[in-house]
Amino acid sequence: MNRREFVAVGAGGGALLVAGLGAVLGDGRLDDGPAYGAVATPPSSGTITLDNGLEASLYANGTVALFGASLTVDIEGGTAIAGRLRNVSEEPLEEVRLRVEFLGEGEAVLAQGWVAERSLSTGADWEFVVSYPGDDPDRIAAAAIAEIDAY
């Protein structure tokens, strides 16, 4: 099995480095629609309509809202999971983290790992881009955000 694991942590809106990738990813504005397809997400605890009119799914006991995730292309031309989360709680969050998976045929895990943003203030958005760390993106059949946690 050629499975990869990675961990990445962003801090305060800066660049995001995914271990094993060897490239820094900017966190510029993302397009609103999916480029290659939707990403599976865990069951949510409900929905919320954000001030921009978008409906978002709630996670981490209703503290964060996911309002967009897709399988897309990163700035290096590789395959990536990109999306947005917002802190909808009334308190700043010390850390928000996602466990992402890149899946092959039959849902075999090709790569998985945690990516996190530290210190997400109330109402702030986190735009994340998690690149596939392998050199075999043609094996990717799907992608998933398997867990969403906030503290």
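## Ala143

Ala143 counts as buried, with a relative accessibility of 5%. The cut-off for buried is under 20% relative accessible area. The structure is a predicted model.

Ala143 sits in strand β12. Leaving out residues up to four places away in sequence, Ala143 touches Val39, Ala40, Leu71, Ile81, Glu101 and Phe102. One of these partners, Ala40, is 103 residues away from Ala143 along the chain. Even so, 6.6 Å separates the C-alpha atoms of Ala143 and Ala40.

## Asp149

Strand β12 spans residues 142-150 and also holds Asp149. Is Asp149 buried or exposed? Asp149 is buried, because its relative accessible area is 19% and the limit for buried is under 20%.

Contacts of Asp149 beyond four places in sequence are Ala60, Glu95, Val96, Arg97 and Trp114. The list includes the charged residues Glu95 and Arg97.

## Fold content

The chain has 12 strands and 0 helices. From the N terminus, the order of elements reads β-β-β-β-β-β-β-β-β-β-β-β.

How many of the contacts between residues at least 6 apart in sequence join residues at least 24 apart? The share is 62%. The pair Ala143 and Ala40 has a separation of 103 residues.

## Burial and surface

The chain has 151 residues, and 46% of them count as buried. Ala143 and Asp149 are both buried.

How values were computed. Residues are numbered from 1 along each chain as its sequence is written. This is a predicted model: local features need pLDDT of at least 70, side-chain atom pairs count only at pLDDT 80 or more; totals for chains, interfaces and linings use all residues. Side-chain values use heavy atoms; hydrogens and water are left out. Helices (H or I, at least four residues) and strands (E, at least two) are DSSP runs, numbered from the N terminus. Buried means under 20% relative accessible area, exposed over 50%, partly exposed in between (1.4 Å probe, protein chains only). Contact means heavy atoms within 4.5 Å.
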